[in-house]
Amino acid sequence: MKRRETLWAMLFLSPWIIGFLGFTLFPLVASFWFSFTNYNIVNPAGAKFIGLDNWDFLFNKDNVFRQALGNTLYYALGLVIIGTSTDIFLAMLLNTKIRGRATYRLIYFIPVLIPAVAGALIWVWILNPQRGILNFGLDMIGVNGPNWLGSIHWVKPALIMMAVWGSGRAIIIFLAGLQEIPNHLYEAARIDGAGPIPVFRHVTLPLLTPVILFNVIVGLIFSFQAFTEPYVMTQGGPANASMLYGLHLYYQAFENLRMGYASAMAWLLFAIILLSTLIVFRGSRRWVYYEN
Amino acid sequence: MSFFRGISRRKVIRGSVMGTFGVMGAAAIAGCGETQTVEVEKIKEVPVDRIVTVEKEVPVEVEVVKIVEAAPVPKGPRQEVELWSGFDPATHGQVGLVYDAIIEIFNAGNPDFKVKHVVQPWGQIIPKVLTSVAAGNPPDVFRNWYATLGVTAAAGVVQTVEPFIKRDTAWDDGDFLEGPMSQTYFKGQRMAVPLSGIVTLMYVNKDMAGEMGVSIPDDLPQNLEAMEEIGSEMYDIADDGTINKIGFAPTMFTSGMSWAAVWGNEGVYDEATDTFNANTAEMKQLLEWHSGYGDRYGAEELIAWKGTYGSGGFGRFTSDGPLYTNMVGMAGLSSWWFSDIDKQAPDQNYVFDKVVAPSAGSGYRTSDLNTNIYSIPTGANSAEGGWAWASFLTSPEQMRRKTIADAVPAIRKSLDTPSYHEASPVNGACMSKVFPNTWRLPSFGSYNTFRTNLTTLTESVMLGQKTIDEALIELTDAVQNDIDAKSESG
């Protein structure tokens with residue numbers, strides 16, 4: 001009877017298992033193998049084992065790699081810091097009891113529903129130095145807007161700005177976290193005479209830290225893999241100032257046809273993301289507060 | 001629930017699961033099976049008259065095709081030939097319509113093959129061909145470029161056309177100009193069919209010159225410094241350094257390789273030894289010029305202007321483009337730009353000439369040459385059909401038809417006719433002044449790496465991020481490393 005039940009369980013699980021084996025595990029193992037070969041995607045059978053040559057090239061010969069990694073770290077840190085702060089602020093605003101709150105929440109979530117490429121093309125126009133709406137608005141308040149996507153100094157902040165615009169998902173998660181905070185704590189704080197800022201500092205923020213931890217980790221993972229926006233908007237320019245790691249990897253794989261090298265880059269990226277996630281987790285013991 | 005009386009919930013669930021797996025299995029078996037549709041078309045003995053007239057700018061007349069008189073006997077079932085190009089009438093207007101008309105002519109007159117045109121965005125053709133070859137379902141022929149031939153040939157994405165040329169009794173090498181033909185070779189083998197050659201010309205906007213109070217002489221100067229001096233008077237730069245109108249823009253609308261050609265950088269790649277060396281006097285002069293250019297007009301502002309308006313084709317298909325709205329005084333333009341200017345700004349008063357030599361340069365070439373070609377992917381289902389299309393398109397009749405609409409310099413000597421010159425004023429200049437002295441860099445697998453690194457490192461030098469020597473060393477290393485890596489995997 002137990003064996004029959006086990007068999008039925010395996011049968012129900014088999015579609016997922018087959019999919020996992022075929023579309024996740026096998027490509028994972030294959031790409032690890034390819035990182036030690038000169039595989040060029042067109043001729044898999046012709047891939048030759050070349051040892052650590054790809055890794056040697058990555059660390060010692062590819063100058064764009066270093067710039068791409070630096071750009072990606074800048075982008076990731078900027079997005080996590082600015083994005084998290086903005087998302088918490090907006091979530092708190094959307095948590096206040098005002099008329100039309102549901103409409104405001106919908107407005108902030110709409111960017112999440114826009115396809116990434118369409119959103120990137122919209123932002124190309126928003127950020128146009130002469131005809132874009134952003135510089136038009138800045139001009140109205142007497143500020144001379146920069147050439148956002150054409151400037152080596154402003155292109156990464158422009159990409160971060162666009163990513164923050166699309167962070168409605170994180171706002172919703174923060175909103176849920178805020179609503180989980182027990183009201184009696186706010187009442188107790190008010191009874192003790194705490195103002196809004198002390199309440200935020202001593203009640204809201206500590207109890208929101210688990211959600212912050214989640215969003216920081218998810219934000220880091222996704223920002224390290226950013227590709228669509230620089231690919232559509234800047235192609236890595238100007239002067240490689242917006243060449244992110246994911247874009248450089250794509251060019252190596254599909255324009256230079258060096259899939260083996262790109263596989264090595266992908267595994268290094270995995271290691272970087274894993275390491276940064278572990279660092280955040282370890283550090284979270286000091287600043288994440290769990291109610292229990 | 002009376003329908004299910006007597007049947008337990010467990011049995012219902014079990015039955016549903018079994019049924020689902022059964023349907024999935026049947027679907028998998030059906031999907032794995034290959035189906036072949038054999039189309040046999042009967043050739044009717046009916047003459048076909050067709051005249052296609054497009055938007056009235058330049059009416060295109062298609063010759064009457066009489067199938068009856070030239071009804072070849074089909075050799076077997078008619079094969080579908082999948083053709084990939086970016087010639088979509090929605091974005092290319094008349095050129096796209098002419099292209100579709102030529103496809104119809106081919107299909108009407110060829111009983112063995114029928115072309116199915118699949119429009120792909122230009123920038124996506126190469127990556128899509130690459131992945132389709134890897135997946136085993138490539139098109140049968142696609143529009144390729146000299147610049148990407150080396151990469152695709154080195155990776156085995158395209159197949160040699162030598163066997164087709166040997167079998168094709170109508171093929172005559174003498175029909176082709178030597179320059180474009182030379183750009184179809186990769187390591188001694190012909191890998192493509194040449195269609196037309198793109199070169200760079202110097203464009204001078206007399207309307208904008210008039211606006212800026214600059215006088216353009218009837219005979220343009222014959223050295224680059226004098227040209228730049230005139231162009232320097234056409235800049236409109238705001239107080240904060242923003243370039244509103246650009247006076248002299250030799251590389252804004254090109255890849256930068258044409259400028260490398262003008263400064264005589266032919267010797268960077270040695271095909272015999274497969275070695276690349278950018279540490280040359282000519283390359284140094286090129287970067288010195290760029291560094292000075294950045295100092296004169298603002299490196300960041302120039303790079304920003306190019307990023308916004310230049311290489312991305314900003315407003316190319318509307319009348320708002322910078323070339324149509326007097327934002328550019330002098331520019332090196334690829335030859336196809338001129339037909340766009342004539343379409344979008346027909347009243348614009350401009351002149352053009354070959355790009356002239358710098359006084360300090362050596363090994364001067366008027367331009368690089370980037371030949372448009374057709375390639376047959378490895379593993380194509382109907383390689384013969386791909387060849388039939390490519391060779392049909394480069395026949396004198398079709399070249400004349402397409403060139404009149406496209407105004408791209410042709411490759412057939414037979415096209416040097418009065419009507420060819422009347423079709424676009426640049427055609428004659430390209431043939432007589434530019435073609436004879438273009439840069440003929442051999443196709444090699446790392447051409448793209450050379451091109452992209454040259455652009456990036458030039459910008460780095462202009463911005464003061466790298467010295468010229470550092471940039472040249474980095475360029476040499478980047479390209480040679482790529483050559484070595486590709487030769488190991490080749």
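Domain bounds here come from an automatic or database domain assignment. For chain B that assignment gives domain 1 (79-199 + 370-439) and domain 2 (200-368 + 446-489). I note that this is a predicted model, where local features need pLDDT of at least 70 and side-chain atom pairs count only at pLDDT 80 or more, while totals for chains, interfaces and linings use all residues. Residues are numbered from 1 along each chain as its sequence is written, with chains lettered from A and ligands numbered from 1 in the order in which they are written.

**Between the domains**

I looked up the C-alpha centres of domain 1 and domain 2 of chain B: they lie 27 Å apart. Contact means C-beta atoms, placed from the backbone, within 7 Å. By that rule, 22 residues of domain 1 of chain B are in contact with 20 residues of domain 2 of chain B.

**Between the chains**

How many residues of chain B are in contact with chain A? I got 31 residues of chain B, against 27 residues of chain A. Helices are DSSP runs (H or I, at least four residues), numbered from the N terminus. Helix 19 of chain B gives the most to the side that touches chain A, with eight residues.

**One residue up close**

I picked Leu130(B) and left aside its neighbours within four places in sequence. Leu130(B) is in contact with Ile41(A), Val42(A), Phe254(A), Leu257(A) and Val157(B).

Conventions: Two residues are in contact if their C-beta atoms, placed from the backbone, lie within 7 Å. Helices (H or I, at least four residues) and strands (E, at least two) are DSSP runs, numbered from the N terminus.
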